Amino acid sequence: MEKRVTFKGWFLPLLLVLPQAIVSAVFFFYPAGQAVWQSMFIPDPFGLKSQFVGLGNFEYLLGNSYYRASFVTTAIFSTLVTVVSMGVALYLALLADRLIKGSGTYRTLLIWPYAVAPAIAGVLWLFMFNTRVGVVAWYLGVLGYDWNHVLNGTEAMGLVVVASSWGRISYNFLFFLAGLQAIPKSVIEAAAIDGAHFWTRFRTIVWPLLSPTTFFLLVVNIVYAFFETFGVIHTITAGGPQQATTILVYKVFSDGFVGQDLGSSAAQSVILLIVVSALTIVQFKFVERRVHY
Amino acid sequence: MATVTLDNLRKTFGKTEIIHGVDIDITDGEFIVIVGPSGCGKSTLLRMVAGLETVTSGEVRINGARVNEKEPMDRNIAMVFQNYALYPHMSVFDNMAYGLKIAGKPKAEIAARVADAARLLQLEPYLQRKPRELSGGQRQRVAMGRAIVREPDVFLFDEPLSNLDAKLRVQMRLEIRQLQRKLGITALYVTHDQVEAMTLADRMIVMNAGVAEQIGAPMEVYENPATTFVAGFIGSPPMNFLSDSALPALPPTTRLGIRPEHVTLTAPGRGRADATALYSEALGAETLVHLRLGDGEQVTARIGGKTVPPAEGTELGLAWPDDHAMLFGPDGKRIPPG
């Protein structure tokens, strides 16, 4: 049975929807529309007039090897961030779920990193891994490893992935722990009596029952990796070295605001919008089918 | 086929001991009901046998072998939970087959055993359904089926009928009893319902505050309760207790117990005590008459359903045969007659 409210006229329902409609219009539809509009122009160097080029910006981008490389970088980066942050969070949640004493303390400590803003988290990790003064970099040097994420693209990628995942682990941990605690204890006990050891129980009972949580986190984390990691990348590597950490959203910023190519930047925003919508549709269409609610 | 022995079994949570040493030898195929009010430790006792709670001291033996340190899966037991604990993402078939699949049984054997259990429990039309698509009674049957297909040494039931409505409870009670008889598997059954205990048990353990107050066959416990707790808990309506203020003939500080069906109503002054009728409850086959004694204590008498009950405020005499009166000491223990 669905509960429905019935209205007599059109005035009240429209009025009730209005605030949300205004917010969406001002902060989403208008800028998105502007981006689509601007993506069809090339402004002159002084920003005095623009020339209409139709889909020229898109044509140029798709033929550009740097832009295509950024796609690959984004795919690697977001996959790693999602896998690392969700994997570690699930592991910690499984441990915290088994705790009997002091679970409150652990939980609080594990949730703290979420309160740190991405840019600050970036600076924090940057200091630890700084090639000259970083504690971790120094210890790695003592162990005989020459850490230099300023020159080494792989190390740079590793560092931004770790820094981006760090704060995210807290968020994912919270959801995984809640998901685990929502599984009735007697179901786990029944499985134990049926002969399933911990790993079998996890594979056949816990993981399937956790799948709604996992699916939700998957969508949210990919969106996070696509957009919200900007601060971390900006503070740690600024997209370098040699664009090794330039993900799509960072390229929107650097081409538009550093390179002053606003038309191309707008075109990139539009492509990004399409990619994320497509990803979300794919996730809901195909992954959700395997989710047990 | 198994015997179960509990040997001075104790359980402590933190510093509080909640099971104070329970002993019982359960023979093969016996149906044992652990009955008591909530919080008496009956579920904890069952969970210790299952291996879901650690044993603080004492021993659990299945077929003579100590199983204290064994994991639940290594004890060859099956348990039916109060909330059924079905796997919500699996079909009825998969729920029942789960334990067999883990044990690595061949597919054909699994299918055959599940089919047998489904036939026995009339679950055949529902094998492909998910638990959420079943009614409470059907879920209960699936939980039973999951226990049966494993062919365990011991069945453990943790209040399996308390989530069902009254009619279904009576029906399932009967089915559980017939099934256990047919399969001949030793069973331990926890309940707070004394009717379930009376009807199901070969022997019952009446628990109170972590102590097994009495262990015995239902009728033996009913006829010869060892303590006032057992006398008051087993039997509905509960036994009447009269103190020496109502019966001056009693030795001081002792109490006399008499079951409602043994109390007969006579004219005032003609019985052993006088009372005033308060109200009656007509249940059809019988009528319960509640009366108040001179010292304020209440007494219930059970009379035939056709008998006209006394009007409110009527003065009456209460009588009972001597051989049905039981004397209890100040510590609550029964004082043997004679």
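Two strands count as paired if DSSP finds at least two bridges between them. The model is predicted, and on this basis chain B holds an open sheet of five strands in the order 13-17-14-15-16, with antiparallel pairing. Strand 13 (264-266) and strand 16 (298-304) of chain B form the edges, each pairing on one side only. From one strand to the next, the twist averages 50°.

Within this sheet, strand 14 (residues 273-282) and strand 15 (residues 286-293) of chain B are joined in the antiparallel sense over seven bridges. B:Thr276 has B:Arg292 of strand 15 of chain B opposite to it.

Chain B is divided into domain 1 (4-232) and domain 2 (237-335). The C-alpha centres of these two domains of chain B lie 38 Å apart. Contact between them involves seven residues of domain 1 of chain B and ten residues of domain 2 of chain B.

Between the chains, 15 residues of chain A are in contact with 17 residues of chain B. On the chain A side, helix 8 (185-193) and helix 9 (198-228) each supply at least two residues. Helix 8 of chain A gives the most, with six residues.

The table lists the make-up of two contact sides.

| Side | Nonpolar | Polar | Charged |
|---|---|---|---|
| Chain A, touching chain B | nine residues | four residues | two residues |

Conventions
Residues numbered from 1 in each chain as written. Chains lettered and ligands numbered in written order. Predicted model: local features only at pLDDT ≥ 70, side-chain atom pairs only at ≥ 80, totals over all residues. Contact = placed C-beta atoms within 7 Å. Helix = DSSP H or I, 4+ residues; strand = E, 2+ residues; numbered from the N terminus. Nonpolar A, V, L, I, M, F, W, Y, C, P; charged D, E, K, R; others polar. Domains from an automatic or database assignment. Axes fitted to C-alpha atoms, helices over the stretch in contact; angles between N-to-C directions.
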